[in-house]
Amino acid sequence: MKKTVELSTKKKVDIREMSIDEVDFCQDLIVTDIVDGKVTNVRNMAKARTAWLRRGIEGGDFKAYKKDSDGYPVDAVLKQLTEEEKNELYTLIQDYQNMGE
């Protein structure tokens with residue numbers, strides 16, 4: 001199942017419902033170091049954002065939308081997004097996975 005969202009830049013992106021395993025993979029990428037009860041470091045944030053985007057994007061307003069052998073958008077697709085669009089879309093993809101039935 002997919003849903004089309006419109007970003008603040010007016011770009012339309014199709015996002016897909018991810019499997020539980022895909023969601024778990026993305027959620028497990030961020031590592032938080034805690035020392036004496038305080039967060040000292042957060043790692044893999046960019047890697048996690050890319051994983052959410054790669055697994056969540058199904059199509060949309062992209063030039064030559066292509067998928068790799070695993071069925072995920074190729075780098076050329078993700079590179080068409082600005083940093084602001086990536087951040088906005090990352091949140092929309094996560095929200096769509098949490099909607100439930």
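A salt bridge is understood here as a side-chain nitrogen of Lys or Arg within 4 Å of a carboxyl oxygen of Asp or Glu. The model is a predicted one, in which local features need pLDDT of at least 70 and side-chain atom pairs count only at pLDDT 80 or more, while totals for chains, interfaces and linings use all residues. Residues are numbered from 1 along each chain as its sequence is written, and side-chain values use heavy atoms, with hydrogens and water left out.

By the salt-bridge rule the count comes to eight, and Arg 16, Glu 22, Glu 58 and Lys 67 are linked in a network of such bridges. Arg 16 in turn forms a salt bridge with Glu 22, where the closest N and O atoms are 3.2 Å apart. Relative accessible area is computed with a 1.4 Å probe on protein chains only, and buried means under 20%, exposed over 50%, and partly exposed in between. Glu 22, at 11%, therefore counts as buried, whereas Glu 58 is partly exposed at 25% and Lys 67 is partly exposed at 40%.

The sheet comes next. Helices (H or I, at least four residues) and strands (E, at least two) are DSSP runs numbered from the N terminus, and two strands pair if DSSP finds at least two bridges between them. Three strands form an open sheet in the order 1-2-5, with antiparallel pairing. Strand 1 and strand 5 stand at the edges, each with a single partner strand, so one side of each is left without a neighbour in the sheet. Strand 1 (residues 2-6) pairs with strand 2 over five bridges, and these two strands form a hairpin with five residues between them, in whose turn Lys 10 has a positive phi of about 80°. Strand 2 pairs with strand 5 (residues 57-60) over three bridges. Val 13 of strand 2 stands opposite Val 5 and also opposite Gly 60 in strand 5.

Helix 4 lies across strand 1, strand 2 and strand 5, running at about 35° to strand 2; axes are lines fitted to C-alpha atoms, for helices over the stretch in contact, and angles run from 0 to 180 degrees between N-to-C directions. In helix 1, Glu 22, Val 23 and Cys 26 are buried. They cover an arc of only 100° around the axis, which puts them on the same side of helix 1; the arc is that of the directions from the helix axis to the C-beta atoms. The face turned away from this buried side carries the exposed residues Ile 20 and Asp 21, while the buried residues of helix 1 pack against strand 2, helix 2 and helix 4.

A nonpolar core is a set of buried Ala, Val, Leu, Ile, Met, Phe, Trp, Tyr and Cys residues joined through side-chain atoms within 4.5 Å. The largest has 21 residues, and those with the most contacts inside it include Val 13, Trp 52 and Ile 93. Leaving aside its neighbours within four places in sequence, Trp 52 is in contact (heavy atoms within 4.5 Å) with residues including Val 23, Cys 26 and Ile 93.
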